[in-house]
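Hi there,

Here is the structure I promised to pass on. Please have it open while you read my notes below.

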Amino acid sequence: MSLLNRLDRLSRHPGGAALAREGEAPPPGFLISGWAARVRRLPDGRRQILGLLVPGDALGLSARIRPLDLCDVVALTPAELVGAGAMIATLNDEARPLPGLAEAVHLSLALDEQRLLDQIMRLGRRNAAERICDLLLELRDRLAFAGQGDERRFPMPLTQEAVADVTALSIVHVNRVLQQLRREGLLELRNGEAQLHRPELLAERAGRPPPRGAPAPRRPEPRTP
């Protein structure tokens with residue numbers, strides 16, 4: 001309860017609203033509903049989504065002194081944020097320590113870094129179908145961890161335009177891949193929800209490694225002639 005008492009006021013934002021701007025000091029907080037994205041744009045308006053934020057994710061946490069946001073954060077859907085400035089301030093209060101809070105903040109920062117590296121790998125080495133399969137599996141795992149889905153079903157409010165901006169593909173290419181996955185019976189998207197009928201085949205197609213800490217699948221031993 002002491003942690004909850006240190007949360008600040010709730011703020012509501014419509015889809016498309018800026019939650020943080022590049023070069024400004026970001027106020028720390030938590031996304032409690034809706035989806036958002038870390039975004040950078042080219043002068044002609046084209047954008048690259050560097051990472052997605054789903055309910056439970058933190059904004060504005062940083063190990064840097066006097067941090068500035070390195071990109072814009074934009075609400076992709078109507079979103080609710082709760083401020084965490086007072087909570088984060090207690091990290092430096094040696095007189096009233098909160099056990100586990102510093103560890104949780106460092107874990108959140110480590111997960112952000114891991115997802116950025118995953119995004120670099122996704123864009124740098126995977127083809128179109130592999131990128132989309134990998135993205136679907138990442139979202140499934142993150143939402144299941146947040147209690148908003150399971151191994152086969154999870155909320156999916158992203159438009160095809162947003163998926164294209166995450167995967168650096170054209171909308172036409174995204175549509176083609178999604179249609180192919182539907183025809184193969186691997187994916188169903190309906191009413192803002194994704195259902196993965198054969199998640200193990202999606203993982204195989206994406207070349208996605210097992211979750212960190214899980215045993216690697218055994219490879220069949222070569223037969224001797």
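**What I found**

Met156 touches Leu136, Leu139, Val163, Leu189, Gly192, Glu193 and Ala194, leaving out residues up to four places away in sequence; contact here means heavy atoms within 4.5 Å.

Before going on, a word on the basis: this is a predicted model, in which local features need pLDDT of at least 70 and side-chain atom pairs count only at pLDDT 80 or more, while totals for chains, interfaces and linings use all residues. Residues are numbered from 1 along each chain as its sequence is written, and side-chain values use heavy atoms, with hydrogens and water left out.

Met156 also belongs to the largest nonpolar core, which has 32 residues; Met156 is among the members that touch the most others, together with Leu52, Ile132, Leu139, Phe154, Leu158 and Leu181. (A nonpolar core is a set of buried Ala, Val, Leu, Ile, Met, Phe, Trp, Tyr and Cys residues joined through side-chain atoms within 4.5 Å; buried means under 20% relative accessible area, exposed over 50%, and partly exposed in between, with a 1.4 Å probe and protein chains only.) The elements that each supply at least two residues of this core include β4 (36-41), β5 (47-53), α4 (128-145), α5 (160-167) and α6 (171-183). The largest share, 8 residues, comes from α4. Helices (H or I, at least four residues) and strands (E, at least two) are DSSP runs, numbered from the N terminus. Another core, of 10 residues, lies apart from this one, with Leu19, Ala36, Leu53 and Leu81 among its members.

Helix α5 is mostly covered, with 6 of its 8 residues buried: Ala162, Val163, Ala164, Asp165, Val166 and Thr167. After α5 comes Ala168, whose phi is positive, near 60 degrees.

Now to α3 (residues 101-125), the helix that holds Gln119. Gln119 is buried, at a relative accessible area of 5%. Neighbours within four places in sequence aside, Gln119 is in contact with Gln48, Ile49, Leu50 and Val166. Ile120, also found in α3, is exposed instead, with a relative accessible area of 54%.

And how many disulfides does the structure hold? The number is 0, taking a disulfide as a pair of cysteine sulfur atoms within 2.5 Å. Cys71 is buried, with a relative accessible area of 6%, and Cys133 is buried too, at 0%.

Best wishes
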